[in-house]
Amino acid sequence: MAEYNAMDTAAFKGVWVFCEQREGAIQTISYQLLSEGRKLANDLGVELCGVVMGSEVNEGYVKALGGYGADRVYYIDSPLLKTYTTDGYAKVLCDLVQDKKPEIVLIGATNLGRDLGPRCAARLHTGLTADCTHLDVDVEKYKGFLRETSNIDVENTAFEENTNLKMTRPAFGGHLMATIICPRFRPQMSTVRPGVMQTQPFDEAGMNKVVIEKITPALTAEDIHVQVLDVKKSARKMVDLIGADVVVSVGRGISADPKKGIALAEELAGALGGVVGASRAVTDADWLPSDHQVGQTGKTVHPRIYVALGISGAIQHLAGMQDSETIIAVNKNASAPIFEAATYGVVGDLFKVLPDLIKEIKAIKAAQ
Amino acid sequence: MKAIVCVKQVPDTQGKVAVKPDGTMDRAAMATITNPDDLNAVEAALQLKEETGCEVIVVTMGPPPAEGMLRELMARGADRGVLVSGREFGGSDTFATSQILAAAVNKIGVGPEDIVFCGRQAIDGDTAQVGPQIAEKLHMPQVTYVTEIQKKADGLVVKRMLEDGYMEMKVQTPCLLTCIKELNQPRYMSVPGIFECYAKPLDIFDYNALKDDPLIETDTIGLKGSPTNVYKSFAPPVKGAGMMVESVSQLVGILNDKHLI
């Protein structure tokens, strides 16, 4: 194995995406990250590699990663990697990083990716930025991003010209945005939540020319200090926020009567053919289970219609829904930040506004 | 047997957030609370104490006023506290923070049956990185997103939450667990606990107390030892507000005209 020194930044080249599989199926976050990684690799003029770990993963699935942008796939095959364990996956990923030396490693911020990423960053002695919502290497592109989305006076601000990965995420409890860099160590690691990056169309030519390198890892049962006894699916059906056409979300504004507020949101969602989402305040209070949460620490959605009921609109929440096509906000407080993100705003008490809104929408639907 | 719980005092970001002119958060101007997930970690340790009689030690890194939080946690039932505090530790990112906390846990001492508890993530940063990074520095197995813990003769059986279910696993001790709100309902301080908490021992670990640990080097802690730096921080641009509508009928009319419903 090549000698490893995380500070020897010049020795690191290439962009990697950890492509998570569960029960043999590649998770869709992997395609989103490959699409994003492709742009970064193009800007840097380097190779994009997917890393798949598992046991007897369908080779068609592995090859398909080329269709989403990978030039090369390292497929690490071992019965010990069939199901995720921190010890097994961290050892294999760290060994591979130390051997091949990529400059960027992207990992999906799933419950497993958020377990793997920090463990590896600590072992590799490098930085990790969690839950990024935007990534750039090119300074001009980063400036363009700031012009569109920030209050920074870009023309009168100095920017160092380098290709460090600029990792942007909501910070300070979601009240500000921060761009983080990891200038002295490699690889630069970041996690990204599912749904944040867009998957580019599948490209068959890419699939046909991808290079697959199958690797048998130096991993033994003694390396793994946990034993997975069982993996069970929840009996309750999870809400599909990311795939929904319409999302009706409730916030702290329902606190006067959470049950009634949620019932009204469900009725409106039913009338519009959508599902119910929630702000963090609502899931923290256990008024709805956490799979309903929209926001930086929940799901990122871009539905055709997003309805925000009694949600003030902290950056934390906006990060998860501001790219929705049409945003309708109902809030008692006329100066709530949500009205700045909204296409249409109604100032009023959701308990009073909703019954009328549901009635009128149902009447129109009935007439259609 | 010991249960060592790493906790953090955080600004109450649910309340009013104060921002300094340079765009960073004005922590001094904001109310502080114990990080919510950390209360679940403390509760898990206290339940383990009820079951096994183990000692519960709460550890935090922060400025001297964080002692108040440790006293509150001792009023809930923790046996002693450790405040890790020093100028040298300031400006640490998650990597550097985990170096320091791991050194503090080493100084407390980890026995074969011991468990380190953390909350999954803190509400000011939401990274969920410090727990796994401490586990790596201590060379112990970790389980994150823990929703259930059973103590067995030869280790623990725990459930960890997945997006669509859970994983049940057996883990050897010593180990580190990160806890989520589904794990338990944190107890309140008790009246006798409040009376006793100021008599319980509280150690302060400063730079000198930890400097002999190999994890503590000038280039692995504090701002200088942090691999990540803030490059820019900013607020979103002031956008023109959307169209405010006067009535539900007007809104429904527009939505209908635009074929949105």
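## Surface and charge of chain A

In this predicted model, chain A exposes about 14,400 Å², of which carbon and sulfur atoms supply 49%.

## Fold and packing of chain A

The secondary structure of chain A consists of eleven helices and 18 strands. With a radius of gyration of 22 Å, close to the 21 Å that the globule rule gives for 368 residues, chain A is therefore as compact as a globular protein of that length. Taken along the principal axes, the C-alpha atoms of chain A fill a box of roughly 70 × 55 × 40 Å.

Of the 368 residues in chain A, 60% are buried. When contacts in chain A between residues at least 6 apart in sequence are considered, 69% of them join residues at least 24 apart.

## Surface and charge of chain B

Chain B exposes about 11,000 Å², and carbon and sulfur atoms supply 53% of that area. The 26 positive and 34 negative charges of chain B have mean positions that are 2 Å apart.

Seven helices and 13 strands make up the secondary structure of chain B, whose C-alpha trace spans about 70 × 40 × 40 Å along its principal axes. Buried residues account for 56% of the 261 residues in chain B, and among the contacts in chain B with a separation of 6 or more, 71% are between residues 24 or more positions apart.

Conventions:
Residues numbered from 1 in each chain as written. Chains lettered and ligands numbered in written order. Predicted model: local features only at pLDDT ≥ 70, side-chain atom pairs only at ≥ 80, totals over all residues. Heavy atoms only, no water. Helix = DSSP H or I, 4+ residues; strand = E, 2+ residues; numbered from the N terminus. Buried < 20%, exposed > 50% of the residue type's maximum accessible area, 1.4 Å probe, protein only. Contact = heavy atoms within 4.5 Å. Areas by Shrake-Rupley, 256 points an atom, 1.4 Å probe, with all protein chains shown as cover. Lys, Arg positive; Asp, Glu negative; His and termini not counted. Charge placed at Lys NZ, Arg CZ, Asp CG, Glu CD. Rg over C-alpha atoms; globule rule 2.2 N^0.38 Å.
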